[in-house]
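Welcome! Please take a look at the model below, and then we can walk through it together.

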Amino acid sequence: ELLRIDHVGIAVPDLDEAIRFYQENLGLRCVHQETNDEQGVREAMLAVGDGSGPRIQLLAPARPDSAIAKFLDRGGPGLQQLAYTVADVEAAADALRARGMRLLYDSPKRGTAGSRINFVHPKDAGGVLVELVEPAEPVHRSG
Ligand code: CMX
């Protein structure tokens, strides 16, 4: 069950430059930054407006063999993924597998801020890389 949009991920070549661009030109606010070694990314989460809605995630490659480096090599910067919040990433992945979609990982990996994540292959989701995010904090279903 997909509860809401968690974030939209945008691949960028230079994280600091992209944060500056979004802050100065679009008025977004950087609320979190980290490096995820397993995913090979440097990333930032940006809040829009009052911050209650989905975030914009900026993703820059931390190594040349990473998924983001490959994405940038292929088509340059741009929208890379659409991420949904789920309460239980294993259950959500199982449900999508049962509907014939390929999940990229057999078991969840670590995402932003201690979340647990998996992805649907873009070829099985209409050309969109779909991420499932189970936040570290339990999810409130009412929002
Ligand atoms: N969105 C849409 N389509 C995509 C895509 C994307 N982000 N990435 C690749 N594709 C398409 C390619 O254009 C290609 O299509 P064609 O065959 O028509 O040319 C096809 O998918 C390639 O598929 P592939 O060879 O199986 O896979 P790639 O080596 O290109 O890698 C993917 C794609 C999705 C498997 C890889 O990017 C991946 O493992 N992603 C998950 C991890 C990730 O994205 N990490 C960074 C974010 C970390 C985070 O969110 O915390």
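A polar contact is a pair of N or O atoms within 3.5 Å; within protein, one must be able to donate a hydrogen and the other to accept it, and residues adjacent in sequence count only if both atoms are side-chain atoms. This is a predicted model, where local features need pLDDT of at least 70, side-chain atom pairs count only at pLDDT 80 or more, and totals for chains, interfaces and linings use all residues. Residues are numbered from 1 along each chain as its sequence is written, and side-chain values use heavy atoms, with hydrogens and water left out.

| Residue | Ligand atom | Distance |
|---|---|---|
| Gln39 | nitrogen | 2.8 Å |
| Arg74 | oxygen | 2.8 Å |
| His121 | oxygen | 2.9 Å |

The ligand alone exposes 970 Å², and the protein buries 69% of that (Shrake-Rupley method, 1.4 Å probe). Around the ligand are 20 residues (a heavy atom within 4 Å), and Gln39, Lys70, Arg74, His121 and Lys123 come nearest. Helix H2 (67-75) is one of the elements that supply at least two residues of this shell; with five residues, H2 gives the most. Helices are DSSP runs of H or I with at least four residues, strands are E runs of at least two, and both are numbered from the N terminus.

Now for the strands. S7 (residues 116-120) has four of its five residues buried, meaning under 20% relative accessible area with a 1.4 Å probe, protein chains only. S7 pairs with S8 (residues 130-134) in the antiparallel sense over five bridges, where pairing takes at least two DSSP bridges. Within this pair, Phe119 stands opposite Glu131 of S8.

Definitions and conventions
Buried < 20%, exposed > 50% of the residue type's maximum accessible area, 1.4 Å probe, protein only.
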